[in-house]
Amino acid sequence: MRLPVFSSKFTANAVLVVLINLSTIHARTATSEADEAQITDPVEECTAYYYAPVTDALDGFPTIWQPASILSNDTEALNTWSNISQSVPTNIYPHGDIYGDWNDTSYNVAEDPDCWWTKSLCTIPKLSTLPADVASIPEPETMGYGFDDGPNCSHNAFYNYLLEQNQKATMFFIGSNVLDWPYEAMRAIDEGHEICAHTWSHHYMTGFSSEDAFAELYYTIKLVLGITPTCWRPPFGDIDDRIRAIAEGLGLQTIIWQYDSFDWEEQSGNITAAQVFTNYDNFIARAENGTFSTEGSIMLTHELNNFTMQTALTYYPKLKDAFKYLVPVGVALNKTQPYVETNYSLPTFDQYISGTTTTTASSSSNTTSSSTTSKSSSDGLALVRTMDYTLFALTFGILMLAA
Ligand SMILES: [Zn+2]
């Protein structure tokens, strides 16, 4: 996505939500993931609720929906950054600002010295120490199925449908959204979707200083519900070799895309719903004409609003018909350990297409206790619900240092 207005509007709305969230008055009480999943009224779904483990942990995180920086008293984050920063190039400077304003930059697009995707669609870094971005899928006739910007507050109909279809996807979650909608994030993990990071505040990453770009990834990793992702997607695709080096330092594989549905832009009014449908149709036509006969593909789609999710549901049967397989990106890559924590696994591609779409049993527990529990729990999802978030932070700090 490359629409600055999206970022600013979205942030403003989200800040309002957070303010509601953090006030002492809460419009409703959410008691469990299961109860939350039963809500079918999108207005009710999108009403902020109080969740003690999040509220109690807020002091340990940057302000939700604001551009992140390392907290001055966070010695673990500072130490981690100190280690990683040694591998981050200092001769690549921030591009424009974090709102995608590049008017004051004079970047040489033809030479593209920084492999700046936003300008050149470059996915093979100029720095030889960095791995290439994942932009396509090695499995032929396969779509890497995924959605950006969740968890969305009105996603139950969408997740219900995916559950009915036994379809898993890669969910690129925004850290601030996870804190706003923790039960919605839990549901995604519980139902076997793959979780990747999509930054803390959803701004243009190449506009950040290196230290702040690190914070945008670091704090998102730390809070994502008991699991530490090993993949991420830059908002708007805005990445260059400096940002890649920071992500690499945090053990994050960069996932980009080949085609854009532009579903995210419909709400801005810049394009119509019909144009989004045409983009889907064109992608499907390519699948049908053999474009992906030797290598699968990824299209950018969103868990952003009711339109993007409804469109995904409308087109799901058509995508299923056009492609041989629809699988999470990590499954297509045979990445059976998707998180730093080893108590959670993804099926291999062969397992998935044979019908084993999850390899980690989901928990039937729905406790909302914020007390701590043993890290040796066999179920990372139970851990999610019972482990104090402050302990999460400590745990993840240690894990990241070890990674
Ligand atoms: Zn996004």
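This is a predicted model: local features need pLDDT of at least 70, side-chain atom pairs count only at pLDDT 80 or more; totals for chains, interfaces and linings use all residues.
**The whole chain**

Start with everything shown as a cartoon. The protein chain comes to 17 helices and 11 strands. It has 403 residues, and 50% of them are buried. Now think about contacts between residues at least 6 apart in sequence. Of these, 74% join residues at least 24 apart.

**The nonpolar core**

Select F173, F214, L217, Y218, I246 and L250. These residues have the most contacts inside the largest nonpolar core, a set of 94 residues. Which helix gives the most to this core? Select residues 210-223: that is helix α10, and it contributes seven residues.

Stay on Y218. Set aside its neighbours within four places in sequence. Y218 is then in contact with A77, T80 and L250.

**Helix α11**

Next, select residues 241-249, helix α11. Is this helix mostly covered or mostly uncovered? It is mostly covered, with nine of its nine residues buried. Step past the end of the helix to G251. G251 follows α11 and has a positive phi, near 75°.

**Strands β5 and β6**

Move to residues 170-173, strand β5, and to residues 194-197, strand β6. β5 pairs with β6 in the parallel sense, over four bridges. Show F173 and A197 together: F173 stands opposite A197 in β6.

**The four-stranded sheet**

Select β9, β10, β3 and β11. In that order they form an open sheet, and the pairing is parallel. The edge strands are β9 (259-260) and β11 (325-327), each pairing on one side only. In general, strands of a sheet pair through backbone hydrogen bonds.

Zoom in on β9 and on β10, residues 297-300. The two pair in the parallel sense over two bridges. Which residue is the bridge partner of Y259 in β10? Pick M299 to see it.

Go on to N305, which lies in the loop between β10 and α13. The C-alpha atoms of N305 and W264 are separated by 8.3 Å, although the residues are 41 apart along the chain. N305 touches both, not counting residues up to four places away in sequence.

**Helices α12 and α13**

Last stop: select residues 273-288 for α12 and residues 306-322 for α13. These helices pack at an angle of about 20°, with their axes 10 Å apart. An angle under 35 degrees counts as roughly parallel, so α12 and α13 are roughly parallel to each other. Show the side chains where they meet. From α12, the contact is made by A273, V276, Y280, I284, A287 and E288. From α13, F307, T311, Y315, K318, L319 and A322 take part. Look at the crossing as well: α12 passes α13 in a right-handed one.

Notes. Residues are numbered from 1 along each chain as its sequence is written. A nonpolar core is a set of buried Ala, Val, Leu, Ile, Met, Phe, Trp, Tyr and Cys residues joined through C-beta atoms within 7 Å. A residue is buried if 20 or more other C-beta atoms lie within 10 Å of its own, exposed if 12 or fewer, and partly exposed in between; C-beta atoms are placed from the backbone. Two residues are in contact if their C-beta atoms, placed from the backbone, lie within 7 Å. Two strands pair if DSSP finds at least two bridges between them. Axes are lines fitted to C-alpha atoms, for helices over the stretch in contact, and angles run from 0 to 180 degrees between N-to-C directions. Angles under 35 degrees count as roughly parallel, over 145 as roughly antiparallel, 65 to 115 as roughly perpendicular and the rest as oblique. A crossing is left-handed if the near helix is turned anticlockwise from the far one by less than a right angle, and right-handed if clockwise.
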